[in-house]
Protein chains: 2
Amino acid sequence: MLQALLVLLAVALPAATARAEDGYRLWLRYAPLEGPALADLTRRPLAVQIPVGGAIPDNPTIRAAADELQKGLSSLSGRQVSLMKGHDAETRADHAIIRLHCARSEIAAGGAFSIRQSSRGLDILASEPIGCLYGSFSLLRALSEGMRLSDIGRSEAPRYPLRMLNHWDNPDGSVERGYAGSSIFDWWKLPDHLDQWMIDYARANASIGINGVVVNNVNASAMMLEPRYIARLKRLADAWRPYGIRVYLSARFSAPRDIGGLETADPFDPRVAAWWKDKADEIYAAIPDFGGFLVKANSEGQPGPGDYGRTHADGANMLAHALGPRGTVIWRAFVYSEHDEADRARQAFAEFAPLDGQFADNVILQVKNGPIDFQPREPFHPLFGAMPDTRVMLETQITKEYLGFSTHLAFLAPMWKEVLDAPTGHGKTVAEAIAPAGMAGVANIGSDRNWSGSHFDQANWYAFGRLAWDPSLSAEQLAREWAAQTWSREEGFVADISAMMLGSREIVADYMTPLGLAHLMATGHHYGPAPWVCDLPRPEWNPCYYHRADRQGIGFDRTPGGSNALADYAPIAAARWADPDRMDSRYLLWFHHLPWDWTFPDGTSLWQTLVQRYDAGVAGVAQMQQVWAGHEGEIDARRHADVADFLKIQRREAQWWRDASIAYWQSLNSLPLPDGTRPPARSLGHYRALSFPEAPGN
Amino acid sequence: MLQALLVLLAVALPAATARAEDGYRLWLRYAPLEGPALADLTRRPLAVQIPVGGAIPDNPTIRAAADELQKGLSSLSGRQVSLMKGHDAETRADHAIIRLHCARSEIAAGGAFSIRQSSRGLDILASEPIGCLYGSFSLLRALSEGMRLSDIGRSEAPRYPLRMLNHWDNPDGSVERGYAGSSIFDWWKLPDHLDQWMIDYARANASIGINGVVVNNVNASAMMLEPRYIARLKRLADAWRPYGIRVYLSARFSAPRDIGGLETADPFDPRVAAWWKDKADEIYAAIPDFGGFLVKANSEGQPGPGDYGRTHADGANMLAHALGPRGTVIWRAFVYSEHDEADRARQAFAEFAPLDGQFADNVILQVKNGPIDFQPREPFHPLFGAMPDTRVMLETQITKEYLGFSTHLAFLAPMWKEVLDAPTGHGKTVAEAIAPAGMAGVANIGSDRNWSGSHFDQANWYAFGRLAWDPSLSAEQLAREWAAQTWSREEGFVADISAMMLGSREIVADYMTPLGLAHLMATGHHYGPAPWVCDLPRPEWNPCYYHRADRQGIGFDRTPGGSNALADYAPIAAARWADPDRMDSRYLLWFHHLPWDWTFPDGTSLWQTLVQRYDAGVAGVAQMQQVWAGHEGEIDARRHADVADFLKIQRREAQWWRDASIAYWQSLNSLPLPDGTRPPARSLGHYRALSFPEAPGN
């Protein structure tokens, strides 16, 4: 017996050790517990039970919940956990039993759950199967963080109805602004072949509460509406349905013309409306719970109702009528025009605010967090709170188009919290203003083995989902719970790494666009600094448009003396940014154009402070390197080395950003560097000559 | 003790079972042995030893060999295998010891090895470290196939000096004719970050003897020659050097003009020659064992010496001079011109044959297996054997551009053997004619988790490498050894699956291009049938150019009455194909244009036989499905299901090929189908209207 076991062990061990940590398992590693937490979990044999009577028998969502519990508890406890159906549990008095009660009407609908201690172990209660799945993931999260089974009790409900990922994936497999390989959607092999990857994707999303996925780029190909793509989408919808995920499509507004054989896409043309109605019927015949359409219209060259002199509301309502109560039209507010001389930061407000109340009930307006475009820092978008009779949704960008791609470490929860917690001045915070709709995040997910291109970028996917579930969660809690699940639940590690994460986005803002500067990235791919670009045909594509720097000063005057973008905000909000002497300096140059020798209340000049911020950014990366190096050996070697490599890249590129930016500002203001400041390593000409035609994601 | 073991086992087991077979480990799975083979291997404890004295201490290649042996033997035996250095082994009289003797001058250089039984166990002998590595992989292969350690003894030497993969990977991550995801080379993160994937890639290549890799597309971007790419390539070269792999670059002939600041790329211009010399020096400073340049010149729009009125030899020799004895110029013979009215199958011969003897010693001419372009079947290229004073290399295509992409099962070893074994008529077989150079294969490797897009396409990578090592290996042996390592060494499985593999390429040829037809694929992406395309601007891009079918007959007359391409072959070879009545019918319509009612010696008409071949192809896929289904449960479920999904796709697409082709031929010849033959499922118009703009690899 002993010998047989030894042989078995010898066979099993190499397999176990060979399972290198490559990041694929995300935060769902269920790393074996140790010490008191393990002792607590293994006091009695564990079982998962689906009681009869209450639950719908053989419901795929409940099955997914039970499977996940069985897999997670087995891995956490190191013991096989059994699954019992019906009354079997009555006969197992020695077992601690996790019971799934998924039809308890006292729990709210829409995914809410309650976890309660019971005489037999622990009960997960919900009114619907999806609540049981969310509760199961919540329980596994608590255990993964190191909580004891006997201490866990919680009741949760999602704050928003829509918690969505927007994939900017093209049918050819490329991903716009993707830095994690190519698209995870293998359209070419669908619907015949569905990879396991697609199931693990759904598990990961469900574990953080995401319930909707737009599978294709907002710069949409009409091809995605053709029958063969609907058949492919149906396969995904069927696979994801047990995980509570509805599929959506980005719809190209000109599709009736592109693929429908009509010569127009005018929303007032009855043939156009009929085409969309037929298309919707065709989709719903295949996918009864199809979520709806996401539309980028009359923006950056995309077609839209404006092509026919119609308003955004005209276009959106026509599509909404085609969907009817079956689905939702999500209409993006991201519009700006080279023919509009107004400050780009004001254009979407000017175009959409007057339309408040004109959208159909099943239309949602999707508004980016800030009025420009996903910069390292922007003030919240003035449309939040300003359209009380419209359902408004927050669009965030999880993929780091403007924050260093996948090789710079930047934890974005603090950025999103900054927006969510902002009081709009219309009586609500942003988080409150979007309550009837929810949040969308532009996905950072690709074919890279670690899903997100870097291990730390997984944290942004995680934090996005968790905030869409509960925007009151603190960035610190999110960092801590993610780090504990993803790396190590050892307290010293979690404390250091979460602190590092919390400061990381500010560090990036400092070395790229300090003091409220914005959009100084190189043209097109947005890789690296190019504040000197001033000659692109569309004025608002030039960094110069945003920084407005010259010999005298720097910054965009959005006060009444300038573009007056401040007027788009409620007075109480605008007041926060009106006075350069009394405002949060991190927004300073977003709203004000100031002389280089303007002084802060503490007496330092704008120029001195600007240089200090750049230096603080570079030093911050060095500090992150140090923190990370200090934890070598505490986690698996491969992932540690991956992150160390990336921090090295970030360190070098932070220096590049700092040096190139300072060299350029000096070429304008001819000011000496503050005492003790290192001059840029190379000449401005060197930085200007750098060219990266192959930068990814473009 | 027992209890502690039980706990340990409980912890280890879930990890072991969780390691799903996803294809990543290729043929290097080292699946645990069972039965007598296991008993034989575990009779004594195993150790790997690097003796002192003989071997270079701490040589990275020997370390890689020892690591692989340790890992492989541990996995095969289920026991930890120890590694001993120096004389430790003398003290372990109870161990069976695998010894690596890597400086034995009696063994040939260049990778040869000998495996011999010894009093202590088994010795691997070589004159160089790389021979020890090849010997280690050979030993592990034999064990993986189920051979007993005590039965293994072999001496091998590679037949060819060059055994190369050509990657058609672009720096933006796309892969021309790639059906396995995007490029595995993450240039964007190199040189700072090297993924483990790159090491496993080198291991896989070394295990089958591949010793050179061209990392970028022959349709080359000059950017790859810029300093930042040389730095990136250096990191790959450093990582692959221990595995005996030299790196090569596809070089764009116009690079001196594109990135060098010159206004010409004329090979006779001394500034151009100096630019290439400097570029070579720059590369060799970073990569002392850089392999050289692969060049596609004056072909399909690529620049070349012809742009300046110079010959291919002029261009190649200029580059060869720049490299000097350090490296090799591999010059592709794949040229054809829309301005040349000669049969496309004759153009490369006409252009290159007269240049025999004019190429510098370090130039190799790389010739595709057939005179057109990697069709399911082509006669061997007439240049083989016809240039006795030129080193000629065989170029094969591992990626299945013309054989159904990654979803059709087609084992290509029989196709390559057909070429290798062909007598050229110049006194040598093709295999003999290429002896001074070797073989290149256009890689089918991408970012898909299983490397090749499908599990069975791994077999083509495997077989290519093994044939480049030893072209005398039979396709059957290759299928058997691959199947045993990759799936299961159970004899019933190996016999059935290898038989299925051996017939698979003929099946594809039958349903796509039977009886020597060629190039009937749709335009551009080559996905699906389009024999009806006749109106593309370049005549030789039209399927009609190749099939020449009309009301009366079908086929390309390459006899003296037609294009006389037969004249490019040595008389003895040409004689094999000269008489339609006495030739291998699988080449029939490649060489002959025949009336539809032409009859085979057995009395069946050409039209009847053609339809029969299509039906045989479709039936063959159904048969493969049946064989595969019969082995469900004998291997892991996930990979079995993956293959079953793909066979289903292949079945449907084979039917599509057959139906569309027959419908088109009928539209020309108005002939009824032979009795009992099923008519095409849809009208010709249906098939002609199908469009797949998103087909991959284009």
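Guide: A salt bridge is taken here as a side-chain nitrogen of Lys or Arg within 4 Å of a carboxyl oxygen of Asp or Glu. The model is predicted, so local features need pLDDT of at least 70 and side-chain atom pairs count only at pLDDT 80 or more, while totals for chains, interfaces and linings use all residues; side-chain values use heavy atoms, with hydrogens and water left out. Residues are numbered from 1 along each chain as its sequence is written, chains are lettered from A and ligands numbered from 1 in the order in which they are written.

By an automatic or database domain assignment, chain A comprises domain 1 (24-156), domain 2 (162-322 + 335-361 + 369-390 + 398-438 + 445-473) and domain 3 (511-556 + 593-689). Domain 2 of chain A brings 24 residues to the contact and domain 3 of chain A brings 26 residues, contact meaning heavy atoms within 4.5 Å.

Together these two domains of chain A bury about 2200 Å², with 60% given by carbon and sulfur atoms; buried area is the accessible area (1.4 Å probe) that two parts lose on being put together, summed over both.

The side chains of A:Arg538 and A:Glu338 form a salt bridge at 3.4 Å, N to O. Polar contacts between domain 2 of chain A and domain 3 of chain A amount to 11 residue pairs, both residues at pLDDT 80 or more. Such a contact is a pair of N or O atoms within 3.5 Å; within protein, one must be able to donate a hydrogen and the other to accept it, and residues adjacent in sequence count only if both atoms are side-chain atoms. The side of domain 2 of chain A that touches domain 3 of chain A has 10 nonpolar, 9 polar and 5 charged residues. In this division, Ala, Val, Leu, Ile, Met, Phe, Trp, Tyr, Cys and Pro count as nonpolar, Asp, Glu, Lys and Arg as charged, and the others, Gly among them, as polar.
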